[in-house]
Amino acid sequence: REPRVVTTDMLSRETVASKKRVCKPWLDGIFHALYEDLKAYYAWLSEEERFAAIEEDDEAELPEDDSADPANVSVEEWLHRASIAQRLQNLSDAERALRNAAAHNSPRAWERLMTMYASEGCIKETLVAVHELLECYESFRAPHPPPAPQQAVHAIASLVGAHGLQKVRDAQDAIAPPHPTVNDLFHLAVRARWHGFAN
């Protein structure tokens, strides 16, 4: 073999390349995470579009792999899809994924829906999610009303702070009689003098 000949032109190119500024590793990590989220998000949407197209076409045969069918997606996968949609700031897809997970009586899905609705200031939806979350807990535990989970306390407190206790109570009465634990939280709002309890 002939020895490699290094010219000054090659050296100057190598020194320029070595001095070239590269992103910081933490910034590369952020871009990589964003890329992976976008890839998973668009794979989810394309699966749903493919399944919807198959359902519309009566003559088409269903594929053997029917993982795109929403009925065959696990609760964990729906929660993962909701996390991706929330990170990408697409709350409508996040809500849809969480509702699909909540249809399987998942307390984690109801808790995340409740937190999302409370942060958006949606009174009715938050109260329904609180009630469903408490029902899930009761179905897994003893029949007596458990103490309210901390997330439910925060959700009710943020609603009372944003809209006032009376408006939240009126919304609860319009939906259904309050769950005993929610009723206890309304009394706690008055005793602890939460922000907005007098409104």
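This is a predicted model: local features need pLDDT of at least 70, side-chain atom pairs count only at pLDDT 80 or more; totals for chains, interfaces and linings use all residues.
User: Let's zoom out. How many helices and strands does the protein chain have?
Analyst: There are 9 helices and 0 strands. Read from the N terminus on, the elements go α-α-α-α-α-α-α-α-α.

User: What share of the chain is buried?
Analyst: Buried residues are 32% of the 199 residues in the protein chain.

User: And how much of the contact count comes from residues 24 or more positions apart?
Analyst: Taking contacts with a separation of 6 or more, 57% are between residues 24 or more positions apart.

User: Back to α6. Which of its residues are buried?
Analyst: Ile123, Thr126, Leu127, Ala129, Val130, Leu133, Leu134, Cys136, Tyr137 and Glu138.

User: What covers them?
Analyst: The cover includes α5 (107-120), α7 (150-163), α8 and α9.

User: Take α5, then. At what angle do α5 and α6 pack, and how far apart are their axes?
Analyst: The angle is about 160°, with the axes 8 Å apart. Angles over 145 degrees count as roughly antiparallel, so α5 is roughly antiparallel to α6.

User: Left-handed or right-handed crossing?
Analyst: α5 passes α6 in a left-handed crossing.

User: Which residues meet there?
Analyst: On the α5 side you have Pro107, Trp110, Glu111, Leu113, Met114, Tyr117 and Ala118. On the α6 side they meet Glu125, Thr126, Ala129, Val130, Glu132, Leu133, Cys136, Tyr137 and Phe140. By class, that contact has 12 nonpolar, 1 polar and 3 charged residues. Several of the α6 residues are on the buried list too, including Ala129, Val130 and Leu133.

User: Now α8 and α9. How close do those axes come, and at what angle do they cross?
Analyst: They come within 11 Å and cross at roughly 165°. That makes α8 roughly antiparallel to α9. The helices cover residues 165-175 for α8 and 180-191 for α9. Their crossing is left-handed.

User: Who makes the contact?
Analyst: From α8, Leu165, Val168, Arg169 and Gln172. From α9, Val182, Asn183, Phe186, His187, Ala189 and Val190. The tally by class is 6 nonpolar, 3 polar and 1 charged.

User: Tell me about Ala189. Buried or exposed?
Analyst: Ala189, which is in helix α9, has 0% relative accessibility, so it counts as buried.

User: What does Ala189 touch, leaving out residues up to four places away in sequence?
Analyst: Leu165, Trp194 and Phe197. Leu165 is one of the α8 residues in the contact with α9.

User: Switching to α2. Which residues are buried there?
Analyst: Asp37, Tyr41, Trp44, Leu45, Glu48, Phe51 and Ile54. The buried residues of α2 pack against α3 (75-87) and α4 (91-102).

User: What is Asp37 in contact with, leaving aside neighbours within four places in sequence?
Analyst: Ile84, Arg87 and Leu88.

User: Backbone check: where does phi of Asn105 sit?
Analyst: Near 60°, a positive value in a residue other than glycine. Asn105 is in the loop between α4 and α5, and it is partly exposed at 37% relative accessible area.

User: And phi of Arg193?
Analyst: Phi of Arg193 is near 55°, also positive in a residue other than glycine. Arg193 lies in the segment after α9, and with a relative accessible area of 61% it is exposed.

Note on methods: Residues are numbered from 1 along each chain as its sequence is written. Side-chain values use heavy atoms; hydrogens and water are left out. Axes are lines fitted to C-alpha atoms, for helices over the stretch in contact, and angles run from 0 to 180 degrees between N-to-C directions. Helices (H or I, at least four residues) and strands (E, at least two) are DSSP runs, numbered from the N terminus. Angles under 35 degrees count as roughly parallel, over 145 as roughly antiparallel, 65 to 115 as roughly perpendicular and the rest as oblique. A crossing is left-handed if the near helix is turned anticlockwise from the far one by less than a right angle, and right-handed if clockwise. Contact means heavy atoms within 4.5 Å. Ala, Val, Leu, Ile, Met, Phe, Trp, Tyr, Cys and Pro count as nonpolar, Asp, Glu, Lys and Arg as charged, and the others, Gly among them, as polar. Buried means under 20% relative accessible area, exposed over 50%, partly exposed in between (1.4 Å probe, protein chains only).
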